[in-house]
Amino acid sequence: MNPTPTLERLRFNMIEQQIRPWDVLDLEILDLLSNIRREDYVPPAHRALAFFDMEIPLEGAASAKEPGQCMLSPKVEARMLQDLHIQKHESVLEIGTGSGFMAALLAQRAAQVLTLEIDTALAASAAETLRRNGVMNVEVRQADGSQPLPSGPTFDVIVLSGSVARIPQGLLGSLKLGGRLAAIVGDEPMMRAHFVTRVSEGKWDTVQPWDIVAPRLLNFPAPSRFNF
């Protein structure tokens, strides 16, 4: 009879069998995924799924029927983190805190992370999990990320941890010059990762390097659909 795999073996397999084949080859990113305990951020009922190539439902959301209340798959989180090229002096805004795992990864790459979660219970749970794991440079704020921030700050990096039909112009305006935004954009069954760089006051360059489908972030505008 084969022995039950240890957590470290499961973590190793996640990196070697899911993440590396998705062209995540940055050794610093791979080290982060080896050292940050993903299982600590997974709801207890689904902890056995922590290292699987899947989205994990998040209990604690106000409504289990609401879309988007999940952890993205490990390979998507890792690829977004790699492709953003975050520097240690930079500030990050994340929209869609979920369990707090992506915020924990971002915190290791950046100076400061502000992460917004629309669901009150999820925001409180993520803040506690981050605190318990010693992540001190993340502020979890219960807020609707589809709405403009009251103080109008700008960020070096903005990450949407979920999909949108289109990227709101207001978010693009919240990027500093040289800042980057990552989002999964489109409608099922075809969505693409968008990486937008602000190159001047009124110009943004976009690349769309890979395809993926992800649950919707709540309350972001969707294009009108007409039936004929």
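Start with the largest cavity, which holds about 270 Å³ of space; a cavity here is a set of points, on a 1 Å grid over the protein atoms alone, where a 1.4 Å probe fits but cannot get out, and its volume is the space filled by probe spheres set on the points, which are joined across faces, edges and corners. The model is predicted, so that local features need pLDDT of at least 70 and side-chain atom pairs count only at pLDDT 80 or more, while totals for chains, interfaces and linings use all residues. Residues are numbered from 1 along each chain as its sequence is written, and side-chain values use heavy atoms, with hydrogens and water left out.

Select Gly-96, Thr-97, Glu-117, Ser-161 and Leu-217 next: of the 29 residues that line the largest cavity, these lie nearest its centre, lining residues being those with an atom within 4 Å of a point. Strand S2 (70-71), strand S3 (91-95), helix H4 and strand S4 (112-117) each give two or more residues to this lining, where helices (H or I, at least four residues) and strands (E, at least two) are DSSP runs numbered from the N terminus. The lining divides into 15 nonpolar, 9 polar and 5 charged residues, with Ala, Val, Leu, Ile, Met, Phe, Trp, Tyr, Cys and Pro counted as nonpolar, Asp, Glu, Lys and Arg as charged, and the others, Gly among them, as polar. By this rule the count comes to 2 cavities of 30 Å³ or more.

From S3, move to strand S6 (155-164), which pairs with S3 in the parallel sense over 4 bridges; two strands pair if DSSP finds at least two bridges between them. Glu-94 stands opposite Val-159 in S6. On S6 select Phe-155 as well, which stands opposite Leu-175 in S7, S6 and S7 being parallel over 6 bridges. In S6, 10 of the 10 residues are buried, that is, under 20% relative accessible area with a 1.4 Å probe and protein chains only.

Now select helix H3 (residues 74-84), where 11 of the 11 residues are buried, so the helix is largely enclosed by the rest of the structure. Its buried residues, including Met-80 and Leu-81, pack against helices H1 (7-19), H2 (27-35) and H4 (101-109) and against strands S6, S7 (175-187) and S8 (190-200), contact meaning heavy atoms within 4.5 Å. His-85 follows H3 and has a positive phi, near 50°.

Finish at S4, which 5 bridges join in parallel to strand S5 (residues 138-142), with Leu-114 partnered by Glu-139 in S5.

Conventions: Buried < 20%, exposed > 50% of the residue type's maximum accessible area, 1.4 Å probe, protein only. 1 Å grid on protein atoms, 1.4 Å probe; cavity = no way out; pocket = protein on both sides within 12 Å on 5 of 7 lines; lining within 4 Å.
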